[in-house]
Amino acid sequence: MRPRSKIKRFVDRTVAKLFVSLCGPFVRYCDAGGQFLLFEVSNPRDVIQGRHFWGDVYELGLLQDISRYLPKNAQIADIGANIDNHAVYWGRACATKIVRVIEVNPDAIAILKRNIKLNGLEDVVDSSKLGVGAGREAASGFELKPEAGNLGGTQLTLGSGNLRVEPGDTLLEGMTPDLIKIDVEGMELDVLAGLSRTVAATRPIIFVEVDHKNRAFFQKWMAEQNYETLRSFGQDRDNENFLIVPAEKADTFKSK
């Protein structure tokens, strides 16, 4: 397929933005390697929704790489689920038993819920913990710091807001996660600290976005918890994604 010209992309996005402003959000079919997923697009200029606008699943190659390490009937915790791109993929394209989504941003939650319904995943995606963020300990007074053009880049900061967080150990009660995905815009160390009991008891695979400023402390956490890096993905100026596994299971995963 020939690459789209910059002019055509600009025109298409402008038309889509105009359509949304006049008619509201629309639904796009996105190809997940031969299986089509449905996503609502309310802002075609958004980083993730922009991929959906073009009919692409965001980070499809990465999701396919991670999924080959999952067992059948996997239990997955998606912390920082945003609009549910990853959870929809795991729910539809993989033999997944449950995906528990953790998301605190009301704007993202509204789209997330519609994406669950569009894909018929009400019995697979557990949305019972939506509206609460994950942190080191139970706390309130958090507020959102948005990033223009990137709903998923919204940061949760302690201030005078009305949002709250709970430790992941509390949020994941009742499940035995095979995979925990963490994408929380710089709060990953707090989230990992709040998962200490779950990590010790279940030894899950962890896929986590780590800010460069947190890299040394993250490596220290890995050493203390006896985890190893299996893969790393998508390094940029601010962060890098790591797929880490318990050291006692590393040889098994490396053979896959």
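Me: Is Asp-65 buried, exposed or partly exposed?

Reply: We sort residues by relative accessible area: buried is under 20%, exposed is over 50%, and partly exposed lies in between (1.4 Å probe, protein chains only). Asp-65 has 26%, so Asp-65 is partly exposed. Keep in mind that this is a predicted model, where local features need pLDDT of at least 70 and side-chain atom pairs count only at pLDDT 80 or more, while totals for chains, interfaces and linings use all residues. Residues are numbered from 1 along each chain as its sequence is written, and side-chain values use heavy atoms, with hydrogens and water left out.

Me: Which side chain meets that of Asp-65 in a salt bridge?

Reply: A salt bridge here is a side-chain nitrogen of Lys or Arg within 4 Å of a carboxyl oxygen of Asp or Glu. For Asp-65 the partner is Arg-231, at 3.4 Å from N to O. This pair links distant parts of the chain, 166 residues apart: Arg-231 sits in strand S12 (residues 227-233) and Asp-65 in helix H3 (residues 60-67). Helices (H or I, at least four residues) and strands (E, at least two) are DSSP runs, numbered from the N terminus. Arg-231 has 27% relative accessibility, so Arg-231 is partly exposed too.

Me: How many salt bridges are found in the whole structure?

Reply: The search finds 13. One of them joins Arg-136 and Asp-190, at 2.9 Å from N to O. Arg-136 is in the loop between strand S6 (133-135) and strand S7 (139-145), and Asp-190 is in helix H7 (residues 188-193), 54 residues apart.
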